[in-house]
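Biologist: I would like to learn how to read a model like this one. Shall we take it feature by feature?

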Amino acid sequence: MDNNQTIFDISRPNRFAGAQIPEMGSLSDIPLHFLRDSSPCLPEVSEIQAIRHYTNLSHQNFAIDRNFYPLGSCTMKYNPRGAHRAANQPGFLNRHPLTSVETSQGVLQCLFELQEILTNVTGMDAVSLAPMAGAQGELAGLLMIRAYHESQGEAHRDEIIVPTAAHGTNPATATMSGYKVAETKVGADGDVDLEHLKQVVGPQTAGIMLTNPSTCAVFERQIVEISKLVHDAGGLLYYDGANLNAILGKVCPGDMGFDVLHLNLHKTFATPHGGGGPGAGPVAVNGRLVPFLPIPIVGQRNNQFEWFGSDEIPNSIGTMSAFMGNTGILIRALSYALMLGREGMIRVAEYATLNANYLAKELEKAGFKLAYPDRKATHEFLITLSDETAKFGIRAMDFAKRLLDFDIHAPTTYFPLLVPECFLIEPTETESKEQLDAFVHAMSTMRMEAQTNPRQLLDAPHHQYRKRLDEVKAARELDLTWQPKSKKTAQTK
């Protein structure tokens with residue numbers, strides 16, 4: 001197969017998959033202005049050609065089902081098939097969102113139980129499953145903080161504090177919510193600079209956005225002091241749930257003093273992740289923010305499960321999307337949680353942390369430099385390739401591209417920005433020691449190549465469907481739309 005070939009390149013006039021043509025009724029009832037006056041521009045291929053084309057395309061993708069995917073801060077772990085099977089049962093799969101409450105008791109009970117489980121594992125008081133992704137969960141969290149301050153007559157609080165190492169979504173969400181962003185420094189040990197935070201906090205502070213473990217891949221040891229400092233100033237604490245995998249079943253964000261958080265069910269609770277697919281970003285809150293939860297949530301009344309909306313939660317920030325979030329993802333998350341149980345969740349955190357610390361030590365033995373060598377890894381860790389860049393002219397991105405030739409997806413690169421030439425590596429709990437050792441071997445091989453044959457890295461990847469792209473050209477001349485050759489030729493003339 002030509003890797004640059006589109007399905008239109010194999011199209012031929014009057015070729016079709018006859019078995020797939022739907023039976024058409026009469027078109028006489030359709031108004032003429034709704035009918036096409038020309039044929040759509042669709043490929044004309046046989047069924048086997050279509051199957052082969054899209055199957056071959058799927059093989060060009062990196063995916064957790066085929067490759068090791070140590071993407072830091074994203075928890076790209078294996079998705080158990082049992083959770084998928086549960087969500088694909090006809091009663092879930094074929095349920096229309098407008099189905100009545102009376103005939104939806106099974107689905108509502110499942111969602112109610114998931115709310116209860118997430119409330120328990122986060123140490124909070126209530127959960128809304130409505131947000132459709134982590135970023136929307138962040139937005140819901142800050143809108144609740146805003147509503148709370150307004151209810152207290154403190155609408156003047158117009159600043160959200162974020163550490164310099166924060167996820168990029170944090171300041172973006174704060175800005176979208178109408179807040180100014182105030183940065184607080186992170187110390188050389190990876191912890192928030194408490195003295196600088198004291199200077200930033202004030203009567204204008206609405207809250208602070210943190211994740212713990214932090215994006216520096218260490219546990220924030222001063223979280224109790226941070227919580228007291230912000231709360232004493234009248235602000236609230238928001239927990240970014242991207243790194244919850246490290247503490248699942250071990251420590252509750254609620255016990256650290258957080259007032260609101262979002263969870264990435266498509267990360268921590270092993271539902272499909274990546275590729276722009278469906279996500280779920282439920283929010284959990286403590287008592288002071290319960291009145292502002294996004295709706296609907298599932299409640300119980302007269303021994304029946306019901307949707308609770310604006311009548312029950314009149315001060316809600318409102319709906320986040322049509323209907324009730326991504327129910328298929330939520331059912332997967334419930335199935336995963338029930339498979340694990342409390343003890344299983346504890347093992348998730350323990351094995352995720354064990355794998356990360358083992359991998360960190362093995363890479364350190366192989367000559368790589370840890371960004372925070374005096375700190376234990378959490379579920380992930382940082383290495384800096386600044387020495388390799390200085391000595392051999394090989395950057396983190398060159399290592400990332402070469403890793404693809406070992407059938408390993410690159411870790412997160414160049415984040416957090418305060419660590420030069422960094423790899424943020426998260427092996428997750430689902431990888432075996434053999435796979436971790438293979439990763440160490442690949443990294444060691446590349447480090448040797450950097451010294452003896454740097455072109456191996458500078459020209460990588462060598463064995464993938466695509467060679468290295470000119471990233472500047474790709475960004476400046478982005479072409480995402482297919483056009484017939486005749487039309488594209490006419491436009492370039």
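Biologist: Which residue in β11 does Lys369 stand opposite?

Modeller: Some ground rules come first. This is a predicted model, where local features need pLDDT of at least 70, side-chain atom pairs count only at pLDDT 80 or more, and totals for chains, interfaces and linings use all residues. Residues are numbered from 1 along each chain as its sequence is written, and side-chain values use heavy atoms, with hydrogens and water left out. Strands pair through backbone hydrogen bonds, either parallel or antiparallel. Here, Lys369 stands opposite Thr384 in β11.

Biologist: How many bridges join β10 and β11?

Modeller: Two strands pair if DSSP finds at least two bridges between them. β10 and β11 (residues 381-384) have 2 bridges, in the antiparallel sense. Strands (E, at least two residues) and helices (H or I, at least four) are DSSP runs, numbered from the N terminus.

Biologist: What is the strand order in the open sheet?

Modeller: The order is β10-β11-β13-β12, with antiparallel pairing. β10 (369-370) and β12 (412-413) are at the edges; each has a single partner strand, so one side of each lacks a neighbour in the sheet. Helix α12 (residues 396-403) packs on this sheet and touches β12 and β13 (422-425). Contact means heavy atoms within 4.5 Å. The direction of α12 makes about 45° with that of β13. Axes are lines fitted to C-alpha atoms, for helices over the stretch in contact; angles run from 0 to 180 degrees between N-to-C directions.

Biologist: How many salt bridges does the structure hold?

Modeller: The criterion is a side-chain nitrogen of Lys or Arg within 4 Å of a carboxyl oxygen of Asp or Glu. The structure holds 25. In one of them, Glu429 meets Lys77 at 3.0 Å, N to O. This pair links distant parts of the chain, 352 residues apart: Glu429 is in the loop between β13 and α13 (433-452), Lys77 in the loop between α1 and α2 (81-87).

Biologist: Why does Glu429 count as buried?

Modeller: Buried means under 20% relative accessible area, exposed over 50%, partly exposed in between (1.4 Å probe, protein chains only). Glu429 is buried because its relative accessible area is 15%. Lys77 has 3%, so Lys77 is buried too.

Biologist: Where is Phe34, and is Phe34 buried or exposed?

Modeller: Phe34 is in the segment before α1 (47-59). Its relative accessibility is 61%, so Phe34 counts as exposed.
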